[in-house]
Amino acid sequence: MSSQHILFPPLLKYTSTALVPVGTRASDGYGREYEYVRFTRAVTYVRGQVVSWDNPATATRSVTNDESLGNDIPAGVLPTHARTETAKVPAENDYGWIQRKGKHPAVKKTAGDDTWASGDAVIMHASADGEADPASDANEPTAADRARMIGRCDGDDEATATGTYDEDTVPVDLNLPHG
């Protein structure tokens with residue numbers, strides 16, 4: 001299915017029934033692309049978390065943030081907007097949007113990890129639920145890191161830790177392949 005610019009349900013609206021067909025892809029016109037999915041088998045969801053495909057062999061387009069249940073293929077990141085907005089997150093088995101491409105201001109990372117630099121390769125964390133991690137070699141990721149890569153760091157963490165972002169998020173320019 002190709003990406004299309006459509007009027008879609010709000011990014012932070014999660015419902016127990018699908019509002020559009022699961023697998024629908026959409027662009028917001030600002031370089032960000034989204035996919036409508038079902039959120040399954042979850043550890044409590046948090047805005048900005050990285051999610052993996054629950055079972056890519058099926059057409060269900062289901063995702064999970066539980067690293068022990070996912071299949072290590074990153075699907076996207078839960079959208080986030082203004083930090084002052086009341087936190088809206090999906091519950092297990094809800095439907096909603098994940099972001100797959102474009103600038104994301106606050107992807108979850110390990111709190112206090114200040115090893116990030118602009119342009120670093122960002123991967124789905126190997127063991128922490130819903131978190132991102134810098135690749136072992138940020139400039140030339142290994143084959144294993146490339147399989148878990150979600151994008152590139154879009155700014156120095158230390159520069160943003162002064163108030164624009166909290167200590168457990170990092171800005172990322174997402175670029176997930178269509179899965």
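The legends below walk through several close-up views of a predicted model.

**Figure 1. The whole chain at a glance.** Before zooming in, here is the overall layout of this predicted model. The protein chain holds two helices and 11 strands. Read from the N terminus, its elements follow the order β-β-β-β-β-β-β-β-β-α-β-α-β. Of the 179 residues in the protein chain, 50% are buried.

**Figure 2. Glu35 meets Arg61 in a salt bridge.** Let us start with the charged side chains. Side chains of opposite charge can pair when their charged atoms come close. Eight salt bridges are found in the structure, and one of them joins Arg61 to Glu35, with an N to O distance of 2.7 Å. Glu35 sits in strand E3 (residues 33–39) and Arg61 in the loop between strand E4 (50–53) and strand E5 (62–64), so this contact ties together parts that are 26 residues apart in sequence. Are these two residues buried or exposed? Arg61 and Glu35 are both buried.

**Figure 3. Glu35 also meets Arg100 in a salt bridge.** Stay with Glu35 for this view. Its side chain and that of Arg100 form a salt bridge at 3.7 Å, N to O. The two ends belong to distant parts of the chain, since Glu35 is in strand E3 and Arg100 is in strand E7 (residues 95–108), 65 residues apart. Arg100 is buried, as is Glu35. Which residues make up the network of salt bridges here? Arg25, Glu35, Arg61 and Arg100 are linked in it.

**Figure 4. Glu67 and Arg148 form a salt bridge between two loops.** Here the N to O distance is 3.5 Å. Glu67 lies in the loop between E5 and strand E6 (74–77), while Arg148 lies in the loop between helix H1 (143–147) and strand E10 (149–153). This pair links distant parts of the chain, 81 residues apart. Glu67 and Arg148 are both buried.

**Figure 5. Strand E4 pairs with both E6 and E5.** Now for the backbone. E4 and E6 run antiparallel and are joined by three bridges. In this pairing, Val51 stands opposite Gly76 of E6. E4 also pairs with E5, again in the antiparallel sense, over two bridges. There, Ser52 has Thr64 in E5 as its bridge partner.

**Figure 6. One cavity turns up in the whole structure at 30 Å³ or more.** The space in the largest cavity comes to about 40 Å³. Which element gives the largest share of the lining? That is E4, with three residues. By residue type, the lining divides into four nonpolar, four polar and three charged residues.

**Figure 7. Tyr14 and Phe39 make an edge-to-face pair.** A pair of aromatic rings is described by the distance of the centres and the angle of the planes. Four aromatic pairs are found in the whole structure. For Tyr14 and Phe39, the ring centres are 5.6 Å apart and the planes are at 80°, so the pair is edge-to-face.

**Figure 8. Tyr36 and Tyr95 make a stacked pair.** The centres of these two rings lie 6.5 Å apart and the planes are at 15°, so the pair counts as stacked. Tyr36 belongs to strand E3 and Tyr95 to strand E7, distant parts of the chain that are 59 residues apart. Tyr36 is buried, and Tyr95 is buried too.

**Figure 9. Asn93 has a positive phi.** Most residues other than glycine have a negative phi, and most peptide bonds are trans. In Asn93, phi is near 75°. Asn93 is found in the loop between E6 and E7. With a relative accessible area of 33%, Asn93 is partly exposed.

Definitions and conventions. Residues are numbered from 1 along each chain as its sequence is written. This is a predicted model: local features need pLDDT of at least 70, side-chain atom pairs count only at pLDDT 80 or more; totals for chains, interfaces and linings use all residues. Side-chain values use heavy atoms; hydrogens and water are left out. A salt bridge is a side-chain nitrogen of Lys or Arg within 4 Å of a carboxyl oxygen of Asp or Glu. Helices (H or I, at least four residues) and strands (E, at least two) are DSSP runs, numbered from the N terminus. Buried means under 20% relative accessible area, exposed over 50%, partly exposed in between (1.4 Å probe, protein chains only). Two strands pair if DSSP finds at least two bridges between them. On a 1 Å grid over the protein atoms alone, a cavity is a set of points where a 1.4 Å probe fits but cannot get out, and a pocket is an open set with protein on both sides within 12 Å along at least five of seven lines; lining residues have an atom within 4 Å of a point. Grid points are joined across faces, edges and corners, and a volume is the space filled by probe spheres set on the points. Ala, Val, Leu, Ile, Met, Phe, Trp, Tyr, Cys and Pro count as nonpolar, Asp, Glu, Lys and Arg as charged, and the others, Gly among them, as polar. Rings of Phe, Tyr and Trp (its six-membered ring) pair if their centres lie within 6.5 Å; planes under 30 degrees apart count as stacked, over 60 as edge-to-face and the rest as tilted.
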